[in-house]
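User: I have a structure here and want to know what stands behind the labels. Please take me through the terms as they apply.

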Amino acid sequence: MVHAAAGEVRAEVPASCRAQIRAGAFTGQTAGLAPGFVQGNVIILPDSHAGDFLRFAQANPKPCPLLAVGEPGNPHLPSLGADIDIRTDLPRYRVFRDGIADADDPLEIGDIWRDDLVTFVIGCSFSFEEALIQDGLDVRHVSLGRNVPMYRSTIPLVPAGRFGGGMVVSMRPFKPADAIRAVQVTSRFPAVHGAPVHLTDPAAIGINDLMRADFGDDPVIGPGEIPVFWACGVTPQVAVEAAKPPIAIAHVPGHMLITDLRNARLAVI
C-alpha cells in the first residue's frame, strides 16, 4: 500500500491507493494511509430511501457531515476524485438486506449494483487525526497500527422518515491535558465530526464495557488516560438497521474511501 513520507503530501497517493484497492491488493483498514487526504464513510441506498436519509444527515451533522451525494445509478463521484468508482474502491463492503448485514464482507459490489442506488459520502475522523498527530498528540490506534474503537451509544439522533436511533461514537484515550488540546484541535474540523461529543464516564452515554468495542478494535488505554468520544460516521449503519431498506451498502468500519480532497481544505481556521 502506498504511504507518503512523514509530512509529505503527494497528489498521486490517493489514486495509487484506490488502484491497489480496486485490484484487490489491499483489503485492510485505512487509518494512516494517504496522509494529507480526506477519507470518507460511505452509505449507499435505493433512491426510494435517499430523500429520508438526506434529511437525516442534514438534521444530524455531527455524525453525518456530508461530503458528496451521487446521482442515482451513477457510481462515480467526480467532486471527490476523477477516477473514483464506488463499486470497487473500498477495501471491504458491508451489505444490508432489510436492515440485517450479510455474513460476508465483499471486496467489490459490481454484481449487486442497481440503477436506483444513491451514494452518500460522509466525513471521517481520520482527517482530524492528522491534525492531532501534527500537534504532537498520540493517536493510539494509529501509532499501534490498529482500527479505531467505535461504540453504539444512547446519544439520541434527530429522526427523519424511517431513519433514527442512537449515535455511534469513536474513542481515543488521552491524558486530561492532552484531551483539552484534542478538543481545541478537532473543533477546527466540523466537516469531519468536529469537537468531541463526550468525555470520561462511558456509562453516561450507554457504553457499559469500554474495553469491548462494538466496531473496530478494542482500545488500548494507558494509566491516567481518559476516554474522549467523537461522533462517528458509522452512525448511518445503525440507522439502516432501524430503517430496514431492502438493500443498503456501506464500508466495513475503518475501511474507508480515500479521496483526492486535502484535509487542510476542511479546516475552518
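**Sheet and helices**

Analyst: Strands β6 and β7 run antiparallel and are joined by four bridges. This is a predicted model: local features need pLDDT of at least 70, side-chain atom pairs need 80 or more, and totals for chains, interfaces and linings use all residues. Residues are numbered from 1 along each chain as its sequence is written, and side-chain values use heavy atoms, without hydrogens and water.

User: Why are β6 and β7 called paired?

Analyst: Two strands pair if DSSP finds at least two bridges between them. β6 and β7 have four, so they are paired. Strands themselves are DSSP runs of E, at least two residues; helices are runs of H or I, at least four. In this pair, P156 stands opposite G166 in β7.

User: How do you know that β7 pairs with β9?

Analyst: β7 (residues 166-174) and β9 (residues 226-231) share six bridges in the antiparallel sense. P173 has P227 in β9 as its bridge partner, and M171 stands opposite F229 in β9.

User: What makes β6 and β8 edge strands?

Analyst: The open sheet has the order β6-β7-β9-β8. β6 (150-156) and β8 (198-199) each have a single partner strand, so one side of each is left without a neighbour in the sheet.

User: Why is β7 called largely enclosed?

Analyst: Buried means under 20% relative accessible area, exposed over 50%, partly exposed in between (1.4 Å probe, protein chains only). Nine of the nine residues of β7 are buried, so the rest of the structure largely encloses this strand.

User: Which residues of α5 are buried, and which are exposed?

Analyst: A179, A182, V185 and T186 are buried in α5 (residues 176-186). On the other side, A177 and I180 are exposed.
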